[in-house]
Amino acid sequence: MPCPRLSTCKLANGISMREALRVWQSFYCDGMYARCERYKLAESGRDVPLRLLPNGRLQDPPSAPEPADKRRPTGT
Ligand code: SF4
């Protein structure tokens, strides 16, 4: 049975890689949702951090963009 929170969960918003998202979904969202830390938090009425993964770890924040001067071509 799929997770009852599937339609409102923002897991996909915090994961940019489609393949990685599919792995999380196939393990947790499509069956083992009772073990999902996002599910447990939501069920207890607490806020679910966007970067929280179903296994309880926080996804690394996106890397900061390089300063503008490092993006200029060199040698010109
Ligand atoms: S990440 Fe967790 S709470 Fe969100 S849909 Fe999947 S199992 Fe449910």
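Biologist: What does the secondary structure of the chain come to?
Modeller: Three helices and zero strands. This is a predicted model, by the way. Going from the N terminus, the order is simply α-α-α.

Biologist: OK, and what pLDDT does the chain average?
Modeller: The average is 88, and 80% of the residues score at least 70.

Biologist: Which elements have the lowest and the highest mean pLDDT?
Modeller: Helix α1, residues 11-14, has the lowest mean among the elements, at 91, while α3 has the highest, at 98.

Biologist: Switching to the ligand. How many residues surround it, and which are the closest?
Modeller: There are 13 residues around the ligand, and the closest are Cys-3, Cys-9, Cys-29, Tyr-33 and Cys-36. Two elements give two or more residues to that shell: α2 (18-29) and α3 (37-43).

Biologist: Which of them gives the most?
Modeller: That's α3, with three residues in the shell.

Biologist: And how does the shell split by class?
Modeller: Eleven nonpolar residues, two charged and no polar ones.

Biologist: Which residues make up the largest nonpolar core?
Modeller: Six of them: Cys-3, Tyr-28, Cys-29, Tyr-33, Cys-36 and Tyr-39. In soluble globular proteins, nonpolar side chains tend to be buried together. Cys-3, Cys-29, Tyr-33 and Cys-36 belong to this core and are also among the residues closest to the ligand.

Biologist: What does Tyr-33 touch, leaving out residues up to four places away in sequence?
Modeller: Cys-3, Tyr-28 and Tyr-39. Those three are listed in the largest nonpolar core, along with Tyr-33 itself.

Biologist: How much of the chain counts as buried?
Modeller: 13% of its 76 residues. On contacts, take the pairs at least 6 apart in sequence: 45% of those join residues at least 24 apart.

Biologist: New topic, Asp-30. Where is that one found?
Modeller: Asp-30 is in the loop between α2 and α3.

Biologist: Why does Asp-30 count as partly exposed?
Modeller: Because Asp-30 has 14 other C-beta atoms within 10 Å. Buried would need 20 or more, and exposed would mean 12 or fewer, so a count of 14 lands in between.

Biologist: What does Asp-30 touch, again skipping residues up to four places away?
Modeller: Pro-2 and Gln-25. The C-alpha atoms of Asp-30 and Met-1 are separated by 6.4 Å, with the two residues 29 apart along the chain.

Key: Residues numbered from 1 in each chain as written. Near = placed C-beta within 6 Å. Helix = DSSP H or I, 4+ residues; strand = E, 2+ residues; numbered from the N terminus. Nonpolar A, V, L, I, M, F, W, Y, C, P; charged D, E, K, R; others polar. Contact = placed C-beta atoms within 7 Å. Core = buried A, V, L, I, M, F, W, Y, C linked by C-beta atoms within 7 Å. pLDDT = per-residue confidence, 0-100.
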